[in-house]
Amino acid sequence: MWHEMGLTWADALRVVVSTVGLYLLMLTLIRVMGQRTMARLSNFDLAAAVALGAVIGRAILGYTPTLVAGALGVITLLVLQAVTGQLRRFPKGLNAVSNRAYVLMAGERIVMANLRRTHVAEHEITARLRLAGIRSWSEVACVILELTGEISVLRRGMPIERGMLEDVVGAELVPAAFLADPEN
């Protein structure tokens with residue numbers, strides 16, 4: 001009976017190594033594919049994520065999944081998440097596990113190079129502008145793709161403090177007139 005519910009040490013090691021390896025693979029793929037990969041899931045994206053989870057789960061648990069193997073896989077994933085969360089507290093750790101924020105629109109100008117780099121389509125920016133209540137291109141100070149994959153819209157009118165654009169790729173493209181302390 002224990003054999004049915006438990007694992008050998010070799011099986012347990014295989015579960016942990018598989019979990020760590022697949023976790024690192026997923027982190028790498030998301031970094032390469034960009035932060036929009038997991039930001040907002042469409043119906044198609046959700047179906048793909050469920051299928052991907054099933055494939056990863058099967059790879060972690062092996063041919064004969066058991067309760068103990070499942071528990072060990074879940075515990076390993078939670079520990080990896082906690083470690084990754086702690087790494088994000090430090091600049092080098094954040095750079096290792098996260099993508100950077102990008103300016104997608106500076107004033108009325110769309111930054112096409114950053115759209116290509118981040119795999120964001122123009123219609124996604126237009127949709128986000130509408131959701132933010134923007135009625136005219138002239139209302140936009142800048143649009144930023146955040147580390148999380150969400151798109152932020154900053155309106156004209158209230159000057160943007162430079163610190164709000166720190167570590168954002170393309171921040172220098174935001175017109176100085178929209179900044180709190182324009183450089184002369």
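R156 is partly exposed, with a relative accessible area of 32%. Buried means under 20% relative accessible area, exposed means over 50%, and partly exposed lies in between (1.4 Å probe, protein chains only). The model is predicted: local features need pLDDT of at least 70 and side-chain atom pairs pLDDT 80 or more, while totals for chains, interfaces and linings use all residues. Residues are numbered from 1 along each chain as its sequence is written, and side-chain values use heavy atoms, without hydrogens or water.

**Overall layout**

- The chain holds seven helices and five strands. These are DSSP runs numbered from the N terminus: helices are H or I with at least four residues, strands are E with at least two.
- Along the sequence, the order is α-α-α-α-α-β-β-α-α-β-β-β.
- The chain has 184 residues, and 32% of them are buried.
- Take contacts (heavy atoms within 4.5 Å) between residues at least 6 apart in sequence: 61% of them join residues at least 24 apart.
- Accessible surface totals about 11,900 Å², with 65% belonging to carbon and sulfur atoms. The area comes from the Shrake-Rupley method with a 1.4 Å probe.

**Annotated spans**

- An unreviewed UniProt entry lists residues 12-32 and 44-61 as "transmembrane region". Such annotations may be inferred rather than shown by experiment, and their positions follow the numbering used here.
- In the model, residues 12-32 are 100% helix and 0% strand, and the end C-alpha atoms of that span lie 30 Å apart.

**Strand pairing**

- Strands count as paired when DSSP finds at least two bridges between them.
- β1 (101-106) has six of its six residues buried, so the rest of the structure largely encloses this strand.
- β1 runs parallel to β5 (residues 168-169), with two bridges.
- β1 runs antiparallel to β3, with four bridges. Among the partners are Y102 with L145 and V103 with I144.
- β1 also pairs with β2 (residues 109-110), antiparallel, over two bridges. Here M105 stands opposite I110.
- The β1-β2 hairpin has two residues between its strands; G107 in the turn has a positive phi of about 65°.
- β3 is mostly covered as well, with six of six residues buried.
- β3 and β4 run antiparallel, joined by five bridges. V143 has V153 as its bridge partner in β4.
- Five residues separate β3 and β4 in their hairpin, and G149 in that turn has a positive phi of about 95°.

**Nonpolar cores**

- A nonpolar core is a set of buried Ala, Val, Leu, Ile, Met, Phe, Trp, Tyr and Cys residues joined through side-chain atoms within 4.5 Å.
- The largest such core has 15 residues; L104, M105, V120, I125, L129 and V143 touch the most other members.
- β1, α7, β3 (140-145) and β4 (151-155) each give two or more residues to this core.
- A second, separate core has 14 residues, including A101, C142, L165 and V174.
- V143 touches several residues beyond four places away in sequence, among them Y102, L104, L129 and I151.
- V120 sits in the loop between α6 (112-118) and α7 (122-131). V120 counts as buried because its relative accessibility is 6%.
- The C-alpha atoms of V120 and G34 lie 9.3 Å apart, although the two residues are 86 apart along the chain.

**Salt bridges**

- A salt bridge needs a side-chain nitrogen of Lys or Arg within 4 Å of a carboxyl oxygen of Asp or Glu. The count by this rule is three.
- R156 pairs with E108 at 3.6 Å, N to O. R156 lies in the β4-β5 loop and E108 in the β1-β2 loop, so the pair ties together parts 48 residues apart in sequence. E108 is partly exposed, at 46% relative accessibility.
- R155 pairs with E139, the closest N and O atoms being 3.2 Å apart. R155 lies in β4 and E139 in the loop between α7 and β3, so this pair ties together parts 16 residues apart in sequence. R155 is partly exposed at 37%, whereas E139 is buried at 18%.
- D11 pairs with R14 at 3.7 Å, N to O. Both lie in helix α2 (residues 9-33), three residues apart, about one turn of the helix. D11 is partly exposed at 28%, and R14 is partly exposed at 34%.
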